[in-house]
Amino acid sequence: MTTKINKLQAIVASTEVMNSSWMEKQNISRSEQVMYLRSGWLKRIANGMYQFANSKPTLFGALTSQEKQLGLSYHIAASTALELHGYTHYIPMGKPLAYIATPVKHHLPKWMLQYDWDRVLKEFSTNVFPSGIGIISMEEERFSIKVSTPELAIMECLLLSPNYFNLVDVYYLFEMLSMLRPEHVTLLLEQTSSVKVKRLFLYMAEKVNYSWFKELDLSNVSLGSGPRSFCKGGVKIAKYNIIVPRELKNMV
C-alpha cells in the first residue's frame, strides 16, 4: 500500500490535486483510495477529488492537475497574465486575484469555485477571441501553465471592463506595454469579434502612442457601426465613436 502512495507522491506535487478516476488509472482502486483516506494519507476536498494530507494545493497547481488528469484546458488571463509577464502598476491588498479564462462549454467545477485558494478566483468565459491564438506556456510554481500573451491579456482586460476593470486602470496597464508585437496585435484585432475590444484598444493604443502602434496593419480590421458607450456622463471620442470616462479622456 505504501509503495503505491509513494509512487503517487513522486508524480503529483504537494500543491496539486488528484481526481479519483485518474487515480484508478494509476492502479489505485476506489477501495484503496478510501483506505488511504482513513489512514491519513489523503484528504477529500470534494466528491471525487483528493489532496495529500497536510499539503496545501494552489490554484495554479489545481489547474495543472485538471489539464494533466482530465484533459481540460484553461488559461491564466487578463491582469493576472500581465502580472506573470512582469506588468503590474499596483500591489493589491490581501490575496492576489487570478482571472481564469475557461471554455464556454467547460466551466470550472463547483468545488474549485468554493475552495479557499491562495488567490481570489475570478472565472470568465468568452468566445470572442480566436481559439488558441495568443496563449503560451509559462513555468510558474514549477508547473507549465497556459497564460495569455501580453497582447491578448490587455484585450481581455478591455473585454471585462468596466464591470471588472476600471478603464482608467486598464490605461495605466497600457502605459507599461511599450514592447507589444504589432504583428500579434494585428492578428488579434483582425480575428476578434468584439467591436468593444477593438475600438477601446485602438483608442488607448493611439493615446499611449508607442512605436508598435504605428506599425499596426488595420486594413482588415472592422470596427463595426454605431456608437458604443462605456460609462454614464462620459465624453465622446468621435474617431472611434465611443463614450469613455472624462478622467480617461483627460489623461496625457
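Residues are numbered from 1 along each chain as its sequence is written, and side-chain values use heavy atoms, with hydrogens and water left out. Because the model is predicted, local features need a pLDDT of at least 70 and side-chain atom pairs count only at pLDDT 80 or more, whereas totals for chains, interfaces and linings use all residues.

Helices (H or I, at least four residues) and strands (E, at least two) are DSSP runs, numbered from the N terminus. Three strands form an open sheet in the order β1-β3-β2, with antiparallel pairing. The edges are taken by β1 (18-19) and β2 (42-46), each with a single partner strand, so one side of each has no neighbour in the sheet. Two strands are said to pair if DSSP finds at least two bridges between them; β1 and β3 pair in the antiparallel sense over two bridges. Met18 has Tyr50 of β3 as its bridge partner. In general, strands of a sheet pair through backbone hydrogen bonds, either parallel or antiparallel. Helix α3 (residues 30-38) lies across β2 and β3, running at about 110° to β2. For such angles, axes are lines fitted to C-alpha atoms, for helices over the stretch in contact, and angles run from 0 to 180 degrees between N-to-C directions.

Phe52 belongs to strand β3 (residues 49-52). Phe52 counts as buried, because its relative accessibility is 6%; buried means under 20% relative accessible area, exposed over 50%, and partly exposed in between (1.4 Å probe, protein chains only). Contact means heavy atoms within 4.5 Å. Leaving aside neighbours within four places in sequence, the contacts of Phe52 include Ile5, Leu8, Val12, Met18, Trp41 and Leu42. Ile5 is 47 residues away from Phe52 in sequence, yet their C-alpha atoms are 9.7 Å apart in space.

Attention now turns to the nonpolar interior. A nonpolar core is a set of buried Ala, Val, Leu, Ile, Met, Phe, Trp, Tyr and Cys residues joined through side-chain atoms within 4.5 Å. The largest core has 72 residues, of which Phe174 and Phe201 touch the most other members. Apart from this core lies another, of eleven residues, among them Val12, Met18, Trp22 and Leu42. In soluble globular proteins, nonpolar side chains tend to be buried together.

Phe201 is one of the buried residues of helix α10. Beyond its neighbours within four places in sequence, Phe201 is in contact with residues including Ile154, Leu158, Phe174, Leu189 and Trp212. Helix α10 is mostly covered, with twelve of its 14 residues buried. The expected span of a helix is 1.5 Å times one less than its number of residues. The 14 residues of α10 (residues 195-208) should therefore span 20 Å, and its end C-alpha atoms are 20 Å apart, which agrees.

Arg142 lies in the loop between β7 (135-140) and β8 (143-148) and is exposed, with a relative accessible area of 79%. Finally, a cis peptide bond with an omega of about -5° joins Ser161 and Pro162; Pro162 is found in the loop between α7 (150-160) and α8 (167-174).
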